[in-house]
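Please examine the sequence and the model as they are shown.

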Amino acid sequence: MKKFLSLVCMITCIFGLTACGSEETYTDYEQRKMDTAIQIATQYVIPSLENFEDEAALESFSEYTADEVAYMVQENVGITVDGYAYKTAIESFNSAKKSIGGITAVGDAEAAIDDDQIIVHVDVTGAKQNAQAEVIFTNDMFLSMESAALNPVESMGGLMTKAALNTLIGMGTVFVMLIMISLIISLFNFIPKIQAAFSKKDKEEAKNAGIDKAVTQIAAQEEPEADDTELVAVIAAAIAASEGAASTDGFVVRSIRKVR
């Protein structure tokens, strides 16, 4: 009984330690940096990226180098960014805005520290569909923006629709394969008929070959009759000579039998 209670207490302590370790704690300095990162993301980064809607402006902006982009953002927006990351973020926001129908409001935001990065997630309301913006800063005193992206968030209805479509496609594929297998199995009934047809053809060819062989044998057996004709002529001549006749006219040999 004591061993059982000890085991229960040990398991309880393990679960308690697991629950305590799941909550992240930050220092006041780290919390201030995360609050600053949220402010920069919601008030500067997202509004500046949202303004790029004109295709001509996008094309002209894409011609600038990364250093030039970083300088322009620093001068006009007042934040430190990586120029290449900012250009990539513009493309991500414009691609997502085509799906969500434009940004109508910026909602709640939360931040977390991941080693040398501060990751900020901001809820964004769209005209057609909601989205979530992700902005990543360097974990230092300058809080330079390393990357940013706008990711559409699927609604429950959209997820259910996709799940239903995937289910229909999967079931349809299974049924098509079953139908094909059934057709292949049904073709097996024609195999004996095909074999019988080939077998009949082989038998006819064998029969014809047998007939030809028999005809050849009969012809070979009839060849000695020519020799009998010559023998008849010789016998008739011998008989005529013995009778003193001048020719064999009047002599008819009807049969030839061998006499022992």
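Q: Is Asp114 buried, partly exposed or exposed?
A: This is a predicted model, in which local features need pLDDT of at least 70, side-chain atom pairs count only at pLDDT 80 or more, and totals for chains, interfaces and linings use all residues. Residues are numbered from 1 along each chain as its sequence is written, and side-chain values use heavy atoms, with hydrogens and water left out. Buried means under 20% relative accessible area, exposed over 50%, and partly exposed in between (1.4 Å probe, protein chains only). Because its relative accessibility is 39%, Asp114 is partly exposed.

Q: In which element is the place of Asp114?
A: Helices (H or I, at least four residues) and strands (E, at least two) are DSSP runs, numbered from the N terminus. Asp114 belongs to residues 103-114, which form strand 1.

Q: Which residues gather with Asp114 in a patch of negative charge?
A: A patch of this kind takes residues with over 30% relative accessible area and no salt bridge, with like charges joined within 9 Å. The patch lies on the surface, and besides Asp114 its residues are Asp82, Asp115, Asp116, Asp140 and Glu146.

Q: Is Asp115 buried or exposed?
A: The place of Asp115 is in the loop between strand 1 and strand 2 (117-126). Asp115 is not a glycine, although it has a positive phi of about 55°. Since its relative accessible area is 66%, Asp115 is exposed.

Q: Is Leu143 buried or exposed?
A: Leu143 has a positive phi of about 50° and is not a glycine. The loop that holds Leu143 runs between strand 3 (131-138) and strand 4 (145-152). Because Leu143 has a relative accessibility of 7%, it is buried.

Q: Which helix gives the largest share of the nonpolar patch?
A: Nonpolar side chains (Val, Leu, Ile, Met, Phe, Trp, Tyr) are joined into a patch within 5 Å. The nonpolar surface patch here covers about 860 Å², and its residues include Met171, Phe175, Ile184 and Phe188. The largest share, 7 residues, comes from residues 156-186, that is, helix 6.

Q: Where does Phe188 lie?
A: Phe188 has a relative accessible area of 48%, so it is partly exposed. Its position is the loop between helix 6 and helix 7 (190-222).

Q: How many helices and strands does the protein have?
A: From the N terminus on, the elements run α-α-α-α-α-β-β-β-β-α-α-α. The secondary structure comes to 8 helices and 4 strands.

Methods:
Areas by Shrake-Rupley, 256 points an atom, 1.4 Å probe, with all protein chains shown as cover. Salt bridge = Lys/Arg side-chain N within 4 Å of Asp/Glu carboxyl O. Lys, Arg positive; Asp, Glu negative; His and termini not counted. Charge placed at Lys NZ, Arg CZ, Asp CG, Glu CD.
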